[in-house]
Amino acid sequence: MTPIIETRGLVKSYDDQLAVAGIDMVVGPGEIFGLVGPNGAGKTTTMKILATLLAPTAGEALVCGIGVTENPIEVRRRIGYMPDFYGVYDDLRVWEYLDFFARCYRVPAARRTAMIGELLEIVGLADKRDAYVEALSRGMRQRLCLAHTLVHDPQLLILDEPASGLDPRARVEMREILRELRGMGKTILVSSHILPELAELCTSVGIIDRGMLLKAGSLEEIERSLRTTALLRIDLLGDGDAVAAAVERLGTMAGVTSVMEVHMPDSQPARLEVGFDGDSAGQARLLAALVAEGHRVSGFSQATSGLEELFLQVTGHDDEEAA
Amino acid sequence: MTTSALPVRRASLARDFGASVATILSRELRGRFRGRRAFVVLTIYLAVLALIAYGAYTVQAPHARSLAGGVTDPSGSSTVLTMANASASIGQAIFSLLSVFQLLLVAFITPAFTAGAISLEREKQTLDLLVTTPMRPGAIVVGKLLAALAFMFLMILAAIPVSALVLMYGGATIDDILRQQLILFVTAVGFGVIGVFFSALVRRTQAATVLTYSTVLILVIGTLLAWRFWTQIATNDASNQFAEIRRAPEQLLWINPAVAMIEVVANTELEYGDFTGVMQSIRGDSVTIFPSPVPDKPTGVTTLGGGGPAVISGPIDCPPNARCALPGPAIVQPELVSSHFLLRFVTSFAVLSLVLTLAAMRLVVPAGMRFVFRRRRRAASGAASAEGSPSVQELDA
C-alpha cells in the first residue's frame with residue numbers, strides 16, 4: 001500500500017542555515033504521527049514542505065505517492081493543512097467561512113450545507129453557525145480552522161501545533177476532536193513541543209531536533225530501542241537502619257545505576273531515587289525482590305514520564321538551549 | 001495524451017479557473033458590500049459629481065447667455081443656431097469638468113481599493129490557507145482584482161446618468177461619452193492591476209499603497225512634467241539657432257490617462273479652448289485644427305469670442321467628426337485626429353495590465369515554491385549529498 005507520507009533525504013536550507021537536514025520518514029494510512037521537538041527543530045518547515053508551501057532544497061517528499069513539487073495542486077486536494085500561525089476572515093460568518101473553503105475545493109453546492117453542519121458538529125461549533133468569525137474565542141477559532149481542513153474530506157491532515165496558545169480546557173477539547181478524527185480513519189501528522197499532549201494520541205512518534213529525525217516509531221519501540229534509564233521513586237517506611245539496609249541492597253541489584261536518598265533523614269516515608277536501566281519487567285522484578293525481603297515499600301513510581309525522559313535523552317539538550 | 005483529450009482538459013481547466021475566480025469574488029464582495037460603507041461611498045461619489053456638474057452649469061450659463069444674445073450673424077438668419085451653440089457651450093463645460101474630475105476620482109480611489117488585495121491576506125496570515133487549496137494562484141489574483149474593480153465599475157456606471165446630462169444641452173455626443181467611459185474603465189483596470197501587483201510584491205499594505213499612489217502620480221503627472229521639461233530643454237538647446245520647438249517623444253504620454261481624456265475633451269470644444277491648446281502643444285504642427293479638407297468657399301466666417309483661431313461655419317459638407325446636425329450653416333468644430341492618444345493609451349494600458357497581472361500571479365505562488373514548479377526530480381543526487389550534511393557532525397560533537 002502506498003504510504004500517505006514519504007520523505008527521502010529531505011533537506012531545506014535558508015541561506016546557510018539548515019532547517020531540515022535530511023529527513024526520511026514514512027507514515028502509513030490511518031496513522032497518527034506525532035512530530036515532537038523543541039522550537040526551531042524543523043517541525044514547521046517539514047510540515048510546510050508537505051503542505052506545498054515550501055520547496056525542499058534537496059530530497060523528495062511524497063504525499064499519497066505524489067511529489068509535492070511535481071504536482072502541488074494534486075497534493076493540495078489530498079491534504080488539510082492547519083498552520084501554526086494563521087488568520088481568519090473575520091468579516092465572514094462561521095458557515096460562510098467554511099462554505100468559502102468548500103468552494104475553494106470545489107465541493108458541490110448540494111453537499112456543502114449538510115457537510116458544514118456535520119463539521120460544525122464535530123468541532124463543537126454547531127451553535128455558532130451564524131456568528132461572525134470575529135466574535136469567536138481563540139479556542140473556537142482554532143477549532144474552526146481545524147474544521148476548514150476537513151471540508152474536502154482529505155486523506156491527510158497536517159496540523160502544526162493545533163493546541164498552541166490554548167488554555168487547558170480548550171486543549172482537552174482539541175484532543176478529543178483529534179481522537180474523533182482518528183476514529184474516522186484520517187491519517188494525521190501533528191506536531192507539538194509539549195510531549196504528554198501527544199503521547200496518548202499518537203500511533204507513532206518522530207523525535208526531531210536540529211533538522212534531523214532522531215527516532216521514529218511507536219512509543220514502545222522507541223523506548224525499547226533506547227533501553228531507557230528510568231528514574232524510579234521508591235518510598236520506604238521504617239527507621240534509619242531499615243532504609244540504609246534497603247539502600248545497600250538496592251545498590252547490589254541488577255540494573256540499578258544509582259541510589260540516592262532525597263528526603264530529610266528522619267522523614268516518613270523515606271524517599272529514594274533510583275536510576276534503573278531496564279524495561280518494565282525489570283522494574284517489577286526489582287519491586288518484588290524488595291517486598292520479598294521485607295522492605296516496607298509504600299510507593300513505587302517512575303519519576304519522569306516516559307516520553308519526556310526519552311526526549312531529553314534523544315535530543316541530549318534542553319528546550320531552552322535550542323530556542 | 002490523445003488529441004481528443006486535450007481540448008477536454010483545457011475546458012475543465014478553464015472551468016476550474018472560472019469557478020475559483022467566482023469563489024474569491026463572492027467572498028470578497030460579501031465582505032466589501034456588507035454593511036453601509038459601500039452605499040455611503042457610492043452616494044458621496046455621485047453627490048460630488050452632481051455638484052461638479054451643477055458648478056459647471058452655474059459658471060457657464062451667464063457666458064452662454066451673453067453668447068446667445070450678443071452675436072451678430074452676417075446672414076441674420078440663424079438665431080436658432082446661436083441658441084444651440086450657447087446651449088452646447090454649457091454642455092461642453094459640464095462634459096469637460098466631469099471628465100477631468102471623474103478621472104481624478106478614479107485615479108484616487110482605485111489604489112485604495114486594490115493595494116491591500118494580497119498584502120492584507122499576508123498580514124492577516126490567511127494567504128497560506130488560501131494557497132494550500134487547489135485553486136490556481138492566477139485565479140486568486142484575478143478574483144481579488146475583479147472584486148476590487150467591481151465596486152469601482154459600479155461607481156463609474158452609476159455616474160453615467162450624470163454624464164448623460166450633457167446630452168440635454170448638446171456640446172458632446174454619445175460617442176464622446178463612450179470615449180470618456182472607456183478611458184475611465186481602462187484607467188480603473190490599469191490602476192487596479194498596479195495596486196494588486198504591488199500588493200503581491202511587497203509584504204506590507206502600507207508600502208504597497210505608497211508604491212501604487214506613487215506610480216499613479218508618475219503616470220498622470222510625472223509623464224506630463226517630464227515631457228514638458230524635456231521639450232523645454234531640447235528647445236533651449238544652444239544648437240537650436242532658430243528656436244524651433246523640439247518636442248519630446250509623445251510616446252511618454254501614451255500611458256497617461258489624463259492626456260487621453262484631454263484629447264477626448266478637446267474634441268468637443270466648440271472653439272480653440274484650453275484642452276485644444278494642450279493637445280496642440282503636445283501634437284504640434286501635425287495637428288489639424290481646421291476641418292480637413294477646409295471647405296473651398298466658406299459661406300460665412302463667424303468669430304466666437306476672441307483669441308483663438310476662427311471657427312469656420314460652412315455649408316453642410318461635414319467631415320465625419322464634426323457636429324453638424326442642424327440644417328444651414330453649422331459650426332464645424334476644430335478637428336484633432338480624434339482618437340490618436342485614446343487608442344494608444346488603451347493599447348498600452350491593456351499591455352501593462354496584462355503583464356502586471358501575470359507578474360502578480362507568479363508572486364502569489366508561495367515564496368518557497370516560486371521557481372521550482374518545473375524542476376523535475378533531482379531527488380536521488382540531492383538525497384545523497386544531504387547525507388553528509390554538516391549538522392550531522394555538529395550534533396555528535
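**Helix 8 and helix 10, chain B**

I looked up how helix 8 (residues 174-201) of chain B packs with helix 10 (residues 257-266) of chain B in this predicted model: the angle is about 175 degrees and the axes lie 10 Å apart. Axes here are lines fitted to C-alpha atoms over the stretch in contact, with angles from 0 to 180 degrees between N-to-C directions. The two helices are therefore roughly antiparallel, a label for angles over 145 degrees.

I then listed who makes the contact (C-beta atoms, placed from the backbone, within 7 Å). Helix 8 of chain B brings B:Asp176, B:Arg179, B:Gln180, B:Ile183 and B:Thr187, and helix 10 of chain B brings B:Pro257, B:Ala260, B:Met261 and B:Val264. By class I get 5 nonpolar, 2 polar and 2 charged residues.

**Chain B overall**

I found 14 helices and 3 strands in chain B, taken as DSSP runs (H or I, at least four residues; E, at least two). Of its 397 residues, 38% are buried, meaning 20 or more other C-beta atoms within 10 Å of their own.

**Confidence, chain A**

I checked pLDDT (the predictor's confidence in each residue, 0 to 100) for chain A: the average is 83, and 89% of the residues score at least 70.

**Bookkeeping**

Residues are numbered from 1 along each chain as written, and chains are lettered from A in the order written. Local features need pLDDT of at least 70 and side-chain atom pairs 80 or more, while totals for chains, interfaces and linings use all residues.

Methods: Angles under 35 degrees count as roughly parallel, over 145 as roughly antiparallel, 65 to 115 as roughly perpendicular and the rest as oblique. Two residues are in contact if their C-beta atoms, placed from the backbone, lie within 7 Å. Ala, Val, Leu, Ile, Met, Phe, Trp, Tyr, Cys and Pro count as nonpolar, Asp, Glu, Lys and Arg as charged, and the others, Gly among them, as polar. A residue is buried if 20 or more other C-beta atoms lie within 10 Å of its own, exposed if 12 or fewer, and partly exposed in between; C-beta atoms are placed from the backbone.
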